[in-house]
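Here are some exercises to work through with the model open in your viewer. Try each task before you read its solution.

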Amino acid sequence: MRNIVFVTGNPHKVKEAREILSPLGIAVEQNNCGYPELQEDELPPIAAFGVGWAANKLEQEVMVDDSGLFIEALNGFPGPYSAYVFDTLGNNRILKLMDGETERRAIFKCVIGYCRPGEKARVFAGEVAGEIANGSRGSAGFGYDPIFEVNGVTFGEMGEDEKNRLSHRYRALVKFAEWLKQGH
Ligand code: IMP
């Protein structure tokens with residue numbers, strides 16, 4: 001097993017990462033020391049800066065996860081501001097913004113950043129296309145899970161296994177694991 005430190009304060013992300021990575025031979029250890037989050041329009045530079053900062057601070061190889069929900073009808077909002085918007089507005093206010101809107105497509109994106117001290121950060125992106133549900137459904141998962149649906153089923157209604165087989169996080173983590181397997 002290869003051991004990787006995951007710098008995040010979010011235990012749900014850690015749980016999902018463990019379920020996805022452990023069958024691939026990677027053990028995940030959480031560290032919630034935090035890191036500065038740049039304000040950028042896209043996720044990759046936010047993850048790259050944060051992971052580089054954390055690798056140098058902890059003096060070891062680390063990974064981070066920066067995710068965001070990009071809603072088509074809202075021109076990609078909340079995108080990179082997803083954490084702030086979730087904390088200030090929450091799912092019900094997002095649903096209100098989408099009231100009467102027939103264009104409900106949205107993309108959930110995840111960028112995994114990885115870095116060793118003194119080296120250049122790498123990023124691995126994954127995304128899943130879905131729709132904003134008409135209401136909040138299901139109590140599994142976290143964050144936007146009850147309002148983001150894929151093929152009519154919200155992440156909140158899916159079992160962990162089902163979400164972890166198709167999620168933005170799964171797609172990014174698999175790319176990361178494949179790259180590590182190549183001997184990096
Ligand atoms: P961040 O990556 O921690 O900045 O997450 C952005 C926001 O999206 C936070 O409010 C998270 O709770 C939420 N989020 C991240 N990943 C997921 C997910 O897989 N499902 C639902 N919400 C998520």
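This is a predicted model: local features need pLDDT of at least 70, side-chain atom pairs count only at pLDDT 80 or more; totals for chains, interfaces and linings use all residues.

**Exercise 1. Is Gly-152 buried, partly exposed or exposed, and where does Gly-152 lie?**

Step 1. Gly-152 has 44% relative accessibility, so Gly-152 counts as partly exposed; buried means under 20% relative accessible area, exposed over 50%, and partly exposed in between, with a 1.4 Å probe and protein chains only.

Step 2. Gly-152 is placed in the loop between β7 and β8. Helices (H or I, at least four residues) and strands (E, at least two) are DSSP runs, numbered from the N terminus.

Step 3. Leaving out residues up to four places away in sequence, Gly-152 touches Arg-137 and Glu-157, where contact means heavy atoms within 4.5 Å.

Residues are numbered from 1 along each chain as its sequence is written, and side-chain values use heavy atoms, with hydrogens and water left out.

**Exercise 2. Describe the surroundings of Thr-154.**

Step 1. Thr-154 belongs to strand β8 (residues 153–154). Its relative accessibility is 0%, so Thr-154 counts as buried.

Step 2. Beyond four places in sequence, Thr-154 touches Ala-133, Arg-137, Asp-145, Pro-146, Phe-148 and Glu-149.

Step 3. A polar atom of the Thr-154 side chain is 2.6 Å from the backbone oxygen of Arg-137. A polar contact is a pair of N or O atoms within 3.5 Å; within protein, one must be able to donate a hydrogen and the other to accept it, and residues adjacent in sequence count only if both atoms are side-chain atoms.

**Exercise 3. Which residues have the most contacts inside the largest nonpolar core?**

Step 1. Such a core is a set of buried Ala, Val, Leu, Ile, Met, Phe, Trp, Tyr and Cys residues joined through side-chain atoms within 4.5 Å. The largest one has 19 residues, and Met-63, Ile-112, Leu-173 and Phe-176 have the most contacts inside it.

Step 2. At least two core residues come from each of β1 (2–7), α1 (11–21), β2 (26–31), β5 (105–115) and α6 (168–181). Helix α6 gives the most, with six residues.

Step 3. A second, separate core has 16 residues, including Leu-69, Ala-106, Ile-132 and Val-150.

**Exercise 4. Classify the ring pair of Phe-86 and Tyr-144.**

Step 1. Rings of Phe, Tyr and Trp (its six-membered ring) pair if their centres lie within 6.5 Å; planes under 30 degrees apart count as stacked, over 60 as edge-to-face and the rest as tilted. The count comes to eight aromatic pairs.

Step 2. The centres of Phe-86 and Tyr-144 are 5.2 Å apart and their planes are at 75°, so the pair is edge-to-face.

Step 3. Phe-86 is in helix α3 (residues 82–88) and Tyr-144 in the loop between β6 (122–132) and β7 (148–150), so the pair ties together parts 58 residues apart in sequence. Phe-86 is partly exposed at 30% relative accessibility, while Tyr-144 is buried at 5%.

**Exercise 5. Which residues come nearest to the ligand?**

Step 1. There are 15 residues around the ligand, each with a heavy atom within 4 Å. Those that come nearest are Lys-13, Ser-67, Asp-145, Lys-163 and Arg-169.

Step 2. An N or O atom in the Lys-163 side chain is 2.9 Å from a ligand oxygen. A polar side-chain atom of Arg-169 is 2.8 Å from a ligand nitrogen.
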